[in-house]
Amino acid sequence: MMTAHPNNFSAAARSAIHDQQLGAAVANATNTAASKRRLAMFAYGDEHGETMRQQAAQIRRRALARLPELLEQAETNMQANGIQVSWAANGQEVREQVIAIARQHQIKRIAKSKSMVSEEISLNHVLEAEGFDVLETDLGEYIIQLAGEMPSHIVTPVIHKSKAMIRDLFMQKLNMPPTDDATEMTRFARQILRQGFLEADMGISGGNFIIAETGTLCLVTNEGNGRMVTSLPPVHVALVGIEKVVETLDDYITLTQVLPRSATGQPMSVYTHMINGPRKSDEEGGPSHLYVILVDNGRSEIYNSKYVEALNCIRCGACINVCPVYEAVGGHTYGWVYPGPIGAVITPLLTGLENAKPLPYASSLCGACKQVCPVDIDLPRLLLDLRHDLVEQKKQSIFWRAGMRGWAFVSRTPFLFGMARLGGRWGSKLLPKRRKLPIGPLGGWTQSREIPPFAPESFHQWWAKQHKGTQDD
Amino acid sequence: MTSREQILQRLKHAPRPYADFRQEQNRHDMVPTDHTDLYRLFVEQAQKLNCSVHECRSTDEALQQILAIMGEDKTVLSWDALPLPGLAEALQQAGIQTAPANDPHVRVGITGVDAALAGTGSLVLASKPGQSRLVSLLPFVHVAVVKSDQILPNFEAWAEQTKKAGFDQFRATSNVLVISGPSRTADIAMELVLGAHGPAELHILILP
């Protein structure tokens, strides 16, 4: 199997496209999610849904406009609430800080709820190498962990697997009695994971938002594992990207409702948490120690670039669910943590453009992603800008660049352009009846479409004919 | 330079994005509630979320309902104070004992709520001494007792109320949770399964 890497996109896509099980599973999941999103976002009319989308977009932009100040305000207020706040410039620092906290509290077992930041920095592997037991507790992430794979979607990480595949995995790795019933399979995993929650001495979670004016850490989960992880172990560490801060409680109230409607079509996530601090001394349940690590890991670079728009993202996955490219190739093809249109934008930004050259081209620029984005990120624009940068920075292959330069020369020289047109017209008469090219550089392109026939006359000729004798105009 | 200073400096030295942002004029609620009958709206929305809603006409009826949910169980998790007079006596009479909130082997947990949100069928539970968050988390069955005057229009209305009471009160609460239906997952082939980690059943008892 080829290694997962964004630069292997084309090869990975080629094999993914022919995987029928994968295609069916991904199409089923994304189409369901996309239609649920439509119903939920526009439950109170098209105009109202669009108004809410614009309101959410405004809130995020207003927060980014004051990001450094809001981070300082959030830090002060979280500290006043009893939360220990630290900052990490990159993955290395996050890992060091988490390990230091774990050592300080003599931690052995760690229960994790979903955190995309932790995926970004491969936290699990490092913690396991340091001798900690790490248990992913989101059912999807647990399945991923058992299979030794990567998530293929940011909201529903295991949509690439069929029920039968998960059944076989559970039977093989956990000795589950045979069953094809999703409820029985979930109950079986529930028992195992429940034991894990009860034994864990540290919980690690992500964070969906931080409210600056109150110093509140906010999380949404459906399964309840987020509640377990933040309620049962005596130590809770939350990893939160620095862009997640919002200004007011009211801002949060809008965003935390737009998020689940866009992600899974739910009016609210089952559990919407507002965490203001560690447990009070006379309280039953909740961690005695609560840490928030504010993670940069490339975000301040994005802030200081023309791609700042990407930082508005609230990780709902709506763009992924409508993307025709994602539907065809699935999430693993993108080779890193974030797939789909938002992945095609932020993977190059977070890992370096030269490490993700094919991704800005993994889009038909149809615009569906922008249309569904709850915070109105202009994803097609960002993809075009990235393509522009790839060209400017000469990251393309020498053949590609030579070809493009040749094309530019021909199209700027009227005589050559005319010759090329004539050549194309006569040449296309030689094509087989079905107007397909044999396999070759352009062959792939004509496998699913036909080369359109050349018009008998060019636009120039047509124009000249139409305007004969109307020079006075 | 610490990482904190380094990150903040980089952000502060960047050209300000969206410097021309407009302050929104009118805020809109995600769930508009010109609905006059909040009670009815709450019941409908909660049912849509797979909650079992019991509209009780008296405390007696609510007590009977709780005993029916308890079945043969002899232990229960419960908040200290519930808006249900006679519950302690009724449980005692049935030989049911209250276990410590962190007992993971108890099937049913009974809580009150701090508010209910009609527009989304949600329950707001603040974690406080005597109101352990574990009671609505560990058991397989969660019973929430709601008084009809606790029903607010929507989440925005709750925020309004919270601001009026002052942020100090909100911030002094370690954990404020909005529950919208029983625990669920669709991670296996997009099939909806209730009770992934939290309660699989959520009974809402509404008192007059």
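This is a predicted model: local features need pLDDT of at least 70, side-chain atom pairs count only at pLDDT 80 or more; totals for chains, interfaces and linings use all residues.
1. A crossing of two helices is called left-handed if the near helix is turned anticlockwise from the far one by less than a right angle. The crossing of α16(A) and α18(A) is left-handed. The residues of this contact comprise 9 nonpolar, no polar and no charged ones.

2. Two packed helices are described by the angle between their axes and the distance between the axes. Helix α16 of chain A covers residues 340-351, and helix α18 of chain A covers residues 379-392. Their axes lie 10 Å apart and form an angle of about 40°. The pair α16(A) and α18(A) is therefore oblique.

3. Which residues of α16(A) meet α18(A)? From α16(A) they are Pro341(A), Ile342(A), Ala344(A), Val345(A) and Pro348(A). Their counterparts in α18(A) are Leu379(A), Leu382(A), Leu383(A) and Leu386(A).

4. The overall make-up of chain A may be considered next. Its secondary structure comes to 21 helices and 10 strands. Chain A has 473 residues, of which 48% count as buried. Its C-alpha trace spans about 95 × 55 × 45 Å along the principal axes. Of the contacts in chain A with a separation of 6 or more, 74% come from residues 24 or more positions apart.

5. Chain A contains an open sheet. Its 6 strands follow the order β1-β10-β7-β4-β2-β3, and the pairing is parallel. Which strands form the edges of this sheet? They are β1 (84-88) and β3 (133-136) of chain A, each of which pairs on one side only. On average, neighbouring strands of the sheet are turned by 20° against each other, with direction ignored.

6. The pairings within this sheet can be followed strand by strand. Strands of a sheet pair through backbone hydrogen bonds, either parallel or antiparallel. Strand β2 (residues 109-112) of chain A runs parallel to strand β4 (residues 202-205) of chain A, and 3 bridges join them. Within this pair, Ile110(A) stands opposite Met202(A) in β4(A). In turn, β4(A) is joined to β7(A) by 4 bridges, again in the parallel sense. Here the bridge partner of Ile204(A) is Val237(A) in β7(A). Finally, β7(A) pairs in the parallel sense with strand β10 (residues 289-295) of chain A over 7 bridges. Val237(A) has Tyr291(A) as its bridge partner in β10(A).

7. Is strand β7(A) mostly covered or mostly open? It is mostly covered, since 7 of its 7 residues are buried. Val235(A), Val237(A), Leu239(A) and Gly241(A) point one way from the strand. His236(A), Ala238(A) and Val240(A) point the other way, and the residues on both sides are all buried.

8. Leu232(A) lies in the loop between α11 (225-231) and β7 (235-241) of chain A. Why does Leu232(A) count as buried? A residue counts as buried if 20 or more other C-beta atoms lie within 10 Å of its own. Leu232(A) has 26 C-beta neighbours inside 10 Å and is therefore classed as buried. Leaving aside residues up to four places away in sequence, Leu232(A) touches Phe197(A), Leu198(A) and Ala200(A). From C-alpha to C-alpha, Leu232(A) and Asp201(A) are 8.2 Å apart in space, although 31 residues separate them in sequence.

9. How many residues does each chain give to the contact between the chains? Chain B contributes 63 residues and chain A contributes 76 residues. Elements of chain B that give two or more residues to its side include α1 (3-13), β6 (122-127), α5 (155-165) and β9 (175-179). The largest share of that side, 8 residues, comes from α1(B). By class, the side of chain B that touches chain A has 30 nonpolar, 18 polar and 15 charged residues.

10. The two chains are also linked by strand pairing. Strand β9 (residues 271-275) of chain A and β9(B) run antiparallel and are joined by 5 bridges. Ile275(A) stands opposite Asn175(B) in β9(B).

Note on methods. Residues are numbered from 1 along each chain as its sequence is written. Chains are lettered from A and ligands numbered from 1 in the order in which they are written. Axes are lines fitted to C-alpha atoms, for helices over the stretch in contact, and angles run from 0 to 180 degrees between N-to-C directions. Angles under 35 degrees count as roughly parallel, over 145 as roughly antiparallel, 65 to 115 as roughly perpendicular and the rest as oblique. Two residues are in contact if their C-beta atoms, placed from the backbone, lie within 7 Å. Ala, Val, Leu, Ile, Met, Phe, Trp, Tyr, Cys and Pro count as nonpolar, Asp, Glu, Lys and Arg as charged, and the others, Gly among them, as polar. Two strands pair if DSSP finds at least two bridges between them. A residue is buried if 20 or more other C-beta atoms lie within 10 Å of its own, exposed if 12 or fewer, and partly exposed in between; C-beta atoms are placed from the backbone.
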